[in-house]
Amino acid sequence: MRIAIAGGKTKADFLIRSLLGKKHRLVVINDDPAYCGYLSRTHGIPVVQGDACKRYVLDDAEIDGFDILIALRPLDADNLVICQTAKRLYHVRKTVAVVANPKNVAVFQKLGVNTAISATWMVAEMIEQASTVESLVSSLSVEHGRLVLTELLVEPGAPVAGRRIMELPLGENIVISCILRGVDMLAPQGKTVIQPRDKLLVLCAPERQEHVIRVVTGEGKEHEK
């Protein structure tokens with residue numbers, strides 16, 4: 001696929017490495033001259049210096065008809081402008097935006113952004129609640145942001161360790177879809193006992209993700225019923 005990445009530094013570098021490893025064709029747009037030089041030298045890909053909010057910069061990037069554009073700038077407003085411009089003027093098929101404010105996820109989707117991800121806010125909330133960042137292995141938005149798949153590591157001493165799935169206060173419409181236990185993959189049942197160091201793959205609505213994290217890690221506010 002042809003993919004454009006607008007903005008970002010550490011996130012962009014990691015994403016570029018991952019996508020190149022899967023043989024995608026990339027174009028990067030960044031307004032930091034020094035970082036542009038680094039990306040060009042390191043990855044050997046086209047890099048356009050400039051503000052991706054500006055149409056002439058997107059013209060230089062030649063993104064017309066691209067499969068995906070990913071907006072990683074720190075300001076939500078910038079990412080919205082970039083995604084809307086990419087779809088309306090350059091016929092980019094799908095747009096993805098990182099948002100700092102989780103309230104903007106629904107707004108972005110209503111305004112035509114295919115996927116809005118508030119991962120940065122989610123990690124910040126976990127740190128604020130003194131939760132261990134290591135417990136959250138990864139998170140993936142699916143169904144255009146209507147669902148989120150979260151991979152959580154069960155630390156020794158976590159409240160779910162040693163308990164059966166049917167005993168957990170997860171609530172409705174939250175599903176533990178898979179348990180990774182060492183090299184084994186388990187299809188969970190109600191009577192399945194969760195063990196320390198298990199990795200749980202949990203499917204839920206985005207607004208329920210924080211509740212899931214609290215139930216598994218035991219950090220933050222009192223568990224919801």
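**Note on the predicted model**

1. Strand E8 (residues 147–153) and strand E11 (residues 199–204) run antiparallel and are joined by six bridges.

2. Turning to the open sheet, six strands are arranged in the order E3-E2-E1-E4-E5-E6, and their pairing is parallel. Strand E3 (47–49) and strand E6 (115–117) stand at the edges, and because each has a single partner strand, one side of each is left without a neighbour in the sheet. From one strand to the next, the twist averages 15°.

3. Helix H2 (residues 33–43), in turn, lies across E2 and E3 and runs at about 170° to E3.

4. Does the length of helix H4 agree or disagree with what its 15 residues should span? The helix covers residues 76–90, and at 1.5 Å a residue it should span 21 Å; its end C-alpha atoms are 20 Å apart, which agrees. After H4 comes His 91, whose phi is positive, near 60°.

5. The buried residues of H4 include Asp 76, Asp 78 and Asn 79, together with Leu 80, Ile 82, Cys 83 and Gln 84. As a group, the buried residues of H4 pack against strand E1 (2–6), helix H3 (55–61), strand E4 (68–71), strand E5 (94–98) and helix H5 (104–110). In an α-helix there are 3.6 residues a turn, so residues three or four places apart point the same way.

6. Is Thr 85 buried or exposed? Its relative accessibility is 17%, and because buried means under 20%, Thr 85 counts as buried. If residues up to four places away in sequence are not counted, Thr 85 touches Leu 58 and Tyr 90.

7. Leu 111, in the loop between H5 and E6, is partly exposed, with a relative accessible area of 39%. Leaving aside neighbours within four places in sequence, Leu 111 is in contact with Leu 80, Gln 84 and Arg 88. The pair Leu 111 and Leu 80 are 31 residues apart in sequence, yet 8.4 Å apart in space, C-alpha to C-alpha.

8. Finally, the cysteines deserve a careful word. How many disulfides does a search of the whole structure find? The search finds zero. Cys 83 is in no disulfide, and the nearest cysteine sulfur, that of Cys 53, is 10.0 Å away, whereas a disulfide requires a pair of cysteine sulfur atoms within 2.5 Å. Cys 83 is buried, with a relative accessible area of 1%, and Cys 178 also counts as buried, at 9% relative accessibility.

Technical notes:
Residues numbered from 1 in each chain as written. Predicted model: local features only at pLDDT ≥ 70, side-chain atom pairs only at ≥ 80, totals over all residues. Heavy atoms only, no water. Buried < 20%, exposed > 50% of the residue type's maximum accessible area, 1.4 Å probe, protein only. Helix = DSSP H or I, 4+ residues; strand = E, 2+ residues; numbered from the N terminus. Expected span 1.5 Å × (residues − 1). Contact = heavy atoms within 4.5 Å. Pairing = 2+ DSSP bridges. Axes fitted to C-alpha atoms, helices over the stretch in contact; angles between N-to-C directions.
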